[in-house]
Amino acid sequence: MSESSAGLRLMAVHAHPDDESSKGAATMARYVDEGVDVLVVTCTGGERGSILNPALKDRPEIEADIARIRREEMDRARAILGVRQSWLGFVDSGLPEGDPLPPLPEGCFALVPVEDAALALVRQIREFRPHVVTTYDENGGYPHPDHIMTHKITMVAFEGATDTEKYPESEFGPAFQPQKLYYNQGFNRPRTEALHNALLDRGMESPYGDWLKRWSEFERAERTLTTHVPCADFFEIRDKALIAHATQIDPDGGWFKVPMEIQREVWPTEEYELAKSLVDTSLPEDDLFAGIRDNA
Ligand SMILES: [Zn+2]
């Protein structure tokens with residue numbers, strides 16, 4: 001454990017149980033190993049997630065009990081990552097599909113007014129007092145209404161945690177200002193291309209061909225990758241945590257198709273986009289706590 005990590009706190013805000021294991025998990029495991037206190041905040045219970053593991057599909061007893069099963073999966077992933085975790089208690093909005101898209105289900109997370117939903121996160125920030133907060137970009141990283149909502153409430157709560165008029169200290173705890181806010185950008189195009197090319201160069205099949213093709217049809221602007229956190233030693237922990245979400249992941253799927261040694265050699269980092277900083281830092285960075293460590 002590096003001495004300068006003692007006393008540092010990282011909060012990762014995620015939409016559903018399993019998002020913490022697919023976005024920034026190796027980064028969290030690395031910081032835990034260094035002695036950073038890491039808290040995952042999960043906005044919803046994932047009650048409307050589809051069962052994506054072929055071995056567990058079409059089992060009515062699983063579907064009937066999905067909320068409890070996903071809590072247990074989250075408990076296992078939390079233990080594997082070595083993080084703390086808390087629930088905000090909102091209800092999964094589900095991913096609307098079809099044309100036209102069906103309306104969102106009543107009472108779901110994405111239909112809660114943003115300012116109201118942010119209250120719960122303000123409380124968490126004031127209690128845990130994170131130096132660094134991570135969330136998704138304004139597109140949600142992927143267009144699930146709960147991911148976009150997660151972005152919105154994090155933006156409001158990051159500012160609101162110091163606003164004692166809007167969020168009185170008597171009700172929400174003492175004001176606290178986190179120092180940096182990041183967007184997860186682990187699924188970035190340069191990484192995907194690098195892994196794709198490395199597989200083809202070695203005469204292997206790549207799971208990323210269709211994905212890259214769709215990407216080039218997308219009109220979305222490229223994100224700025226400000227921060228590359230080295231975490232290759234923790235990729236195996238990341239994969240174990242992901243597999244712990246057994247209903248949500250196909251253990252034989254594309255996620256696990258790239259051999260570990262190629263991942264470590266070709267792309268040993270996870271990427272972030274610095275969205276707000278109250279400290280001086282020079283970009284690109286290789287540490288979410290750059291500019292904070294010496295003053296913490
Ligand atoms: Zn999600």
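Residues are numbered from 1 along each chain as its sequence is written. In this predicted model, local features need pLDDT of at least 70, side-chain atom pairs count only at pLDDT 80 or more, and totals for chains, interfaces and linings use all residues, while side-chain values use heavy atoms, without hydrogens and water.

Biologist: Which residues coordinate the zinc ion?

Modeller: Donors are N, O and S atoms within 2.8 Å of the metal (3.2 Å for Na, K and Ca), and sites may look incomplete because water is not among the atoms. The donors follow the spacing H-x2-D-x127-H along the chain. At 2.1 to 2.6 Å, the zinc ion is coordinated through ND1, OD, OD and NE2 atoms, which belong to H16, D19, D19 and H147 respectively.

Biologist: Is H147 buried or exposed?

Modeller: Buried means under 20% relative accessible area, exposed over 50% and partly exposed in between (1.4 Å probe, protein chains only). With a relative accessible area of 0%, H147 is therefore buried.

Biologist: Which residues have the most contacts inside the largest nonpolar core?

Modeller: A nonpolar core is a set of buried Ala, Val, Leu, Ile, Met, Phe, Trp, Tyr and Cys residues joined through side-chain atoms within 4.5 Å. The largest such core has 27 residues, whereas a second, separate core of 24 residues includes M28, M74, A77 and V229. Inside the largest core, the residues with the most contacts are M11, L88, F109, L121, I125 and I153.
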